[in-house]
Amino acid sequence: MEIKIVKIVTGETVIGTKVSDYLEDVALIQVIPSSGGIQLAILPYGFPFEEKIGGKKFGGKIPLDKIVYEFKDVPDDIKNKYLEAKSDIKISSTMPGSNLDFNLIK
């Protein structure tokens with residue numbers, strides 16, 4: 001699964017999962033200025049009219065030929081927030097590659 005942040009022909013910045021010739025489970029990234037800098041909001045692309053598509057929080061597809069710019073890297077914190085919003089599962093920033101003991105049953 002390859003998560004990409006791209007700008008599309010409409011000028012919007014979106015995040016989604018790249019699958020062959022399209023981006024699926026698309027979410028809109030909105031930049032919100034605040035007194036402490038900026039904040040990012042990740043919303044379903046059809047928000048507020050299509051909050052759930054086929055029972056999924058994110059849906060829709062954007063063909064790759066509608067992409068005008070692809071950001072080189074997706075920061076891990078944005079990737080994690082996208083996956084959290086998509087799945088409603090909290091992702092700890094210390095999970096991947098950490099030395100945590102996941103053997104909770106003794």
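Which residues does Ala 85 touch, not counting residues up to four places away in sequence? Select Ala 85 and look around its side: Lys 57 and Phe 58 are the residues it touches, once those up to four places away in sequence are left out, and contact here means heavy atoms within 4.5 Å.

Before going on, note that this is a predicted model, in which local features need pLDDT of at least 70 and side-chain atom pairs count only at pLDDT 80 or more, while totals for chains, interfaces and linings use all residues. Residues are numbered from 1 along each chain as its sequence is written, and side-chain values use heavy atoms, with hydrogens and water left out.

**The whole chain**

Show the chain as a cartoon and follow it from the N terminus, where the elements run β-β-β-β-β-β-α, giving one helix and six strands. Helices (H or I, at least four residues) and strands (E, at least two) are DSSP runs, numbered from the N terminus. Of the 106 residues in the chain, 29% are buried, where buried means under 20% relative accessible area, exposed means over 50%, and partly exposed lies in between (1.4 Å probe, protein chains only). Among contacts with a separation of 6 or more, 50% are between residues 24 or more positions apart.

**Helix 1**

Next, select helix 1, residues 76-87. Its twelve residues should span 16 Å at 1.5 Å a residue, and its end C-alpha atoms are 16 Å apart, which agrees; the expected span is 1.5 Å times one less than the number of residues. Now colour Ile 78, Asn 80, Tyr 82, Leu 83, Glu 84 and Ala 85, which are the buried residues of this helix. They pack against strand 1, strand 2 (13-19), strand 3 and strand 4 (37-44).

**The nonpolar cores**

Select Ile 3, Ile 5, Ile 15, Ala 27, Ile 29, Phe 58, Val 74, Ile 78, Tyr 82, Leu 83 and Ala 85, the eleven residues of the largest nonpolar core. Such a core is a set of buried Ala, Val, Leu, Ile, Met, Phe, Trp, Tyr and Cys residues joined through side-chain atoms within 4.5 Å. Strand 1, strand 3 and helix 1 each supply at least two of its residues, and the largest share, four residues, comes from helix 1. A second, separate core has eight residues, including Val 14, Val 26, Leu 28 and Ile 62.

**The salt bridges**

How many salt bridges does the structure hold? There are four, each being a side-chain nitrogen of Lys or Arg within 4 Å of a carboxyl oxygen of Asp or Glu. Select Lys 4 with Glu 2 and Glu 70, which are linked in a network of salt bridges. The N to O distance is 3.0 Å from Lys 4 to Glu 2 and 2.8 Å from Lys 4 to Glu 70. Lys 4 lies in strand 1 (residues 2-8) and Glu 70 in strand 6 (residues 67-70), so this pair ties together parts that are 66 residues apart in sequence. Lys 4 is buried, with a relative accessible area of 11%, whereas Glu 2 is partly exposed at 39% and Glu 70 is partly exposed at 37%.

Finally, select Asp 25 and Lys 86, which form a salt bridge whose closest N and O atoms are 3.1 Å apart. Asp 25 lies in strand 3 (residues 22-34) and Lys 86 in helix 1, so the pair ties together parts that are 61 residues apart in sequence. Asp 25 is buried, with a relative accessible area of 7%, while Lys 86 counts as partly exposed at 25%.
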